[in-house]
Amino acid sequence: MSLAEQFAAVNEQVRLACERAGRDPQQVGILPVSKTFGHEVVRQAMALGQRQFAENRVQEMKEKALALNDSSIEWVVIGYLQTNKVKEVVRYASQLQSLDRLDLAQALDKRLQQAGRRLDVLVQVKSSDEESKTGMAPEQVPQFLKSIRDYDTLNVKGFMTVAENTDVQERIRHCFARVRQLRDQCQNELGDALPVLSMGMSADFELAIQEGSTQLRIGSALFGERPPLR
């Protein structure tokens, strides 16, 4: 299939999944994950009306941003972020979905103040016990949100999570439900507006939709098989 056909097919799958879940498709956005695909593929996706793209690695985001500097792309960082990469995020990204610790929040705030700008962020929550997964433990999140309230440069929009890597659907569903319940708890107890739940990828987005996701991070289903990492 062509890129246009793949995008159309995924949009239809999401629409049908929302219908089955009794949800309005307008409430569930798709964030294309362009990691490992070249800037020419991103430009093709832009021609289909896409303006927001997610990257795991800051260096790859920077390379594509420079190659596509004639465009109005909004870059979203979804991978683990080292504090020494904060400068590039502040310069090139419009959103960070992997805020998971206080020292990173402090480093971002310092750089953002210097740049005179703000950044939309999602707190990454670790919703499974897998050692390979990064993110903040759910029980630490409420206090973390209180701790960063004074950082005016950070616009906390909600939570992001990566579900357990398993074929057992109920375990995947539990990850998504756990984060949705945490979001509801934080909104009720802290009074914070946290409208965004970035949950679900190519293999599990229907379960994420059923559990309240507002944004799906879709890569291979949109772009096809990934080329090998350089």
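Two strands are said to pair if DSSP finds at least two bridges between them, and helices (H or I, at least four residues) and strands (E, at least two) are themselves DSSP runs, numbered from the N terminus. The structure described here is a predicted model, in which local features need pLDDT of at least 70 and side-chain atom pairs count only at pLDDT 80 or more, while totals for chains, interfaces and linings use all residues. Residues are numbered from 1 along each chain as its sequence is written, and side-chain values use heavy atoms, with hydrogens and water left out.

## Strands and crossovers

| Strand pair | Sense | Bridges |
|---|---|---|
| E2 (residues 52-55) and E3 (residues 74-77) | parallel | four bridges |
| E4 (residues 93-99) and E5 | parallel | three bridges |
| E5 and E6 (residues 154-160) | parallel | six bridges |

Strand E5 takes part in two of the listed pairs, one with E4 and one with E6. Glutamine 95 has aspartate 120 of E5 as its bridge partner, and E4, helix H5 (residues 102-115) and E5 form a right-handed β-α-β unit. Further along, glutamine 124 is bridged to methionine 160 in E6, and a right-handed β-α-β unit is made by E5, helix H6 (residues 141-147) and E6.

How is E5 placed relative to the rest of the structure? Five of the six residues of E5 (residues 119-124) are buried, so this strand is largely enclosed by the rest of the structure. Buried means under 20% relative accessible area, exposed means over 50%, and partly exposed lies in between (1.4 Å probe, protein chains only).

## Nonpolar cores

In soluble globular proteins, nonpolar side chains tend to be buried together. A nonpolar core is here a set of buried Ala, Val, Leu, Ile, Met, Phe, Trp, Tyr and Cys residues joined through side-chain atoms within 4.5 Å. The largest such core has 64 residues, and those with the most contacts inside it are Leu96, Leu99, Leu108, Phe159 and Phe223. Helix H7 (residues 169-190) gives the most to this core, namely seven residues. A second, separate core has five residues, including Val33, Ala54, Val76 and Ile78.

If residues up to four places away in sequence are not counted, leucine 108 touches Val86, Val89, Val90, Leu96, Leu99, Leu119 and Leu154, where contact means heavy atoms within 4.5 Å.

## Aromatic rings

Rings of Phe, Tyr and Trp (its six-membered ring) pair if their centres lie within 6.5 Å, and planes under 30 degrees apart count as stacked, over 60 as edge-to-face and the rest as tilted. The structure holds three aromatic pairs. In one of them, the ring centres of phenylalanine 53 and tryptophan 75 are 6.2 Å apart and the planes are at 45°, so the pair is tilted. This pair links distant parts of the chain, since phenylalanine 53 is in strand E2 and tryptophan 75 in strand E3, 22 residues apart. Both phenylalanine 53 and tryptophan 75 are buried. Elsewhere, ring pairs link Phe7, Phe37 and Phe223 into a cluster.

Methods. A crossover is right-handed if, with the strands pointing away from the viewer, the path from the first strand over the helix to the second runs clockwise.
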